[in-house]
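Please look at the sequence and the model before turning to the points below.

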Amino acid sequence: MTLTQATEMTRQQVLTLMACMLSTAHVDGVSPQELALMKSFYEQSGHTDLPPFADNEGAYGDPMAMAAQCASDSGFAEQLVLMSFMTAYADGHLTDAERAHVMAIASRAGLAEARTGQLLQQVKDTLIGAIAMIPDTESVASIAKGL
């Protein structure tokens with residue numbers, strides 16, 4: 001689940017990811033961290049034929065319709081959900097509304113609720129792993145509890 005994986009995606013997959021990431025960010029207002037994550041992903045996609053980056057919701061299409069179109073590709077559907085959860089967490093926390101939104105994306109993409117829960121746990125594990133090197137173990141434990 002890295003931004004470099006985007007180079008293996010089709011143009012349409014990149015646009016689908018952007019639509020879903022943007023819609024997730026807009027659930028509680030786009031934070032600078034969410035914006036930076038999305039822009040970095042977009043710029044690292046490896047596609048030169050993409051429209052200019054836009055952060056307005058709907059700029060890349062209807063996220064729910066686009067998620068439904070990827071239901072036949074479970075690998076991409078999982079990547080879509082992982083990146084949507086990562087976007088939600090980019091500002092430091094996942095709200096109930098963001099979680100519900102990503103769960104709806106996952107459902108439209110054909111993923112079972114149990115699998116979506118596993119993907120959410122994978123994102124949490126990734127985030128905990130990223131902060132595990134902080135020498136202040138109390139702070140790491142406190143952050144981990146908040147995930």
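Two aromatic pairs are present in the structure, which is a predicted model.

**Aromatic rings**
- The ring centres of Y42 and Y60 lie 5.4 Å apart with their planes at 50°, so this pair is tilted.
- Because Y42 belongs to helix 2 (residues 32-43) and Y60 to the loop between helix 2 and helix 3 (63-69), the pair ties together parts that are 18 residues apart in sequence.
- Y42 has 6% relative accessibility and therefore counts as buried, since the cut-off for buried is under 20%.
- Y60, at 10% relative accessibility, also counts as buried.
- One aromatic cluster is formed by Y42, F53 and Y60.

- In soluble globular proteins, nonpolar side chains tend to be buried together.
- The largest nonpolar core here contains 41 residues, and those with the most contacts inside it are L17, F41, Y60, L80 and F85.
- Two or more residues of this core come from each of helix 1 (11-25), helix 2, helix 3, helix 4 (74-89), helix 5 and helix 6 (113-131).
- Helix 4 gives the most to this core, with 10 residues.

**Helix 5**
- Helix 5 (residues 96-108) has 13 residues and spans 18 Å from its first C-alpha to its last, close to the 18 Å expected at 1.5 Å a residue.
- The buried residues of helix 5 include E98, H101, V102, M103, I105 and A106.
- After helix 5 comes G110, which has a positive phi near 85°.

Terms used. Residues are numbered from 1 along each chain as its sequence is written. This is a predicted model: local features need pLDDT of at least 70, side-chain atom pairs count only at pLDDT 80 or more; totals for chains, interfaces and linings use all residues. Side-chain values use heavy atoms; hydrogens and water are left out. Rings of Phe, Tyr and Trp (its six-membered ring) pair if their centres lie within 6.5 Å; planes under 30 degrees apart count as stacked, over 60 as edge-to-face and the rest as tilted. Helices (H or I, at least four residues) and strands (E, at least two) are DSSP runs, numbered from the N terminus. Buried means under 20% relative accessible area, exposed over 50%, partly exposed in between (1.4 Å probe, protein chains only). The expected span of a helix is 1.5 Å times one less than its number of residues. A nonpolar core is a set of buried Ala, Val, Leu, Ile, Met, Phe, Trp, Tyr and Cys residues joined through side-chain atoms within 4.5 Å.
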